Amino acid sequence: MVVLEPSPEIVEEVAAMLKKGSIPALREAGNRVRKTPAPSLKSIDIPAEFQKLLSSYLTTGLVRLSIQKVQASDELQQSLQDSRSAYTILLHRLPVLRLPEYSPYITIALKSGATEIWQAETTFSVTALVTLRNTLVTLREEKLREFRFGSLNAGMSIYLKKGPIEEALHSFKRDLTIPGMMAGEK
Amino acid sequence: MRPQSSGRSDPGTVRSWLFITAVLLLFCGCAVMPALSQVQPPVIVRPPMTLIPDIKIPVAGFTADVTAGTAPLTVRFTDMSLNNPTSWSWDLDGDGLSDSQAGDPEYTYSVAGSYTVTLTVTNRAGKDTAVKQGFITVGKEVPSPVAGFSASPVRGTEPLTVRFADESRNNPTAWWWDVDNDGTIDSREKNPVWTYTESGVYTVRLTVSSDAGKDEEVNEAAIIVLEPVTASRTPLPTTNIPMTSMPSIPIPLPPLAGPVQPPGFAWLPALIIVACLLTGAYLLMRGRSSRQASDDGPDLHFEVTGGIEYGEDDAGEDLLDSMVEELEERDEEEHGRT
């Protein structure tokens, strides 16, 4: 599975979310770090790892589902049929995309060698509305070959899954940049 | 003329009088009986019973639930005065000033020292004072113990005998070791020795206490007991020495007069050498020195992993994967050119 570099804006939002201290697994891991005598263990910054990974997953899910939605749009389906030779199209405005829900999950495990002593999985649920402007899509041989965002505005809500219930953790709406996937980038 | 008898009445007059009397009785019976039937029962009015107690001068007295301890010491005093005092005045720290007017006050002594307690009780008849010199003795604050321990070795094959060493601070006086975290106390010694006979990762819990308090230290995965290494799992390198090349060494016979060695002991040095070789080889294969094996803690580490689950089919996955691959290839090409 390809995991993209996290969007810096999403990193900021995840940091703000984690600051609230609402992830039980992180609290438990922190307690275990404090209790465990091994000095090398204490140097691991679990919240930072957690933040980085979750930001990457949120970004990847957002991008993947956005591409999926664009690919499924009528405009693109029409264009794909005429794409024997490569050409790039510019999609000025697309309707607001309501992305299907996706669920990033993070597992924190305490191990002794290969033996797992403790682990806790945290599953999130994410819903997003995406507005795309000036999207560049390169088509060749009836396939999408390249996808570049002109601008990407996302309204995102992140929930914490607790069995059958979901607890709303964080929501934001802002312009995002996706490293390596923006039209202006080299 | 016949003389009139003065002692006799005229019979007519007597009859008249009897008639009148009967009528009067009848009248009275008719008039008085109904009235009598309505007469209320007699009300007996007694003078009120006024209890005039015999008030006596109170006799002051008191006790305390504890009279000695370390600061901060909270003492609950109980009034034991006689003759029904109606007010109390306690000087609990011996400074001559009243500290409480309660019947049974509570007081916390935060400074070490010896304290005189005075109770003055009063009622309408008078007052009395009880003084107890140096009644409360407060010692210096003793810090609570802080549990801590070390163990050696912390990793090895079963059966693994581990020597635990108490490293608690602030002088605990009691120790409770649960060396396998099963909830039962395995030892109350200060520095116990425990043999683990089953492989596994063991959490050790030490609880210590003193008069000043109690503390607990839990070390997750403090002891790791591995299954015994068998020859089949870790084959050791062997060197075959041809029998023909072995020099024949004459074995000297023991002197007849000397102590006869049991036959098993003749093999002891050889057994020790073989054991050392096996241990060395085992440690070599594990890539660890003998010092590391005994001194290192368990190889504990955290892993943070994860993934994404999509509710719908991953139509975009191939594209994203191929795009990233293409980008990586392009990067590599550009780097190759430069």
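I start with a hairpin in chain B: 2 residues connect strand 6 of chain B to strand 7 of chain B. Keep in mind that this is a predicted model.

To place one position, B:Y115 stands opposite B:I136 in strand 7 of chain B.

Strand 7 (residues 126-139) of chain B also pairs with strand 2 (residues 68-70) of chain B, this time parallel, through 3 bridges. Here B:A68 has B:T137 in strand 7 of chain B as its bridge partner.

Now to chain A and its helix 1, residues 8-19. Its 12 residues should span 16 Å at 1.5 Å a residue, and the end C-alpha atoms are 17 Å apart, which agrees.

Which residues of helix 1 of chain A are buried? They are A:I10, A:E13, A:V14 and A:M17. These residues lie on the same side of helix 1 of chain A, because they cover an arc of only 100 degrees around the axis. As background, an α-helix has 3.6 residues a turn, so residues three or four places apart point the same way.

What do the buried residues of helix 1 of chain A pack against? They pack against helix 4 (46-72), strand 5 (151-162) and strand 6 (165-176) of chain A. On the other side of helix 1 of chain A, A:A16 and A:K19 are exposed.

Last, just after helix 1 of chain A, A:G21 has a positive phi of about 70 degrees.

Methods. Residues are numbered from 1 along each chain as its sequence is written. Chains are lettered from A and ligands numbered from 1 in the order in which they are written. This is a predicted model: local features need pLDDT of at least 70, side-chain atom pairs count only at pLDDT 80 or more; totals for chains, interfaces and linings use all residues. Helices (H or I, at least four residues) and strands (E, at least two) are DSSP runs, numbered from the N terminus. The expected span of a helix is 1.5 Å times one less than its number of residues. A residue is buried if 20 or more other C-beta atoms lie within 10 Å of its own, exposed if 12 or fewer, and partly exposed in between; C-beta atoms are placed from the backbone. The arc is that of the directions from the helix axis to the C-beta atoms. Two residues are in contact if their C-beta atoms, placed from the backbone, lie within 7 Å. Two strands pair if DSSP finds at least two bridges between them.
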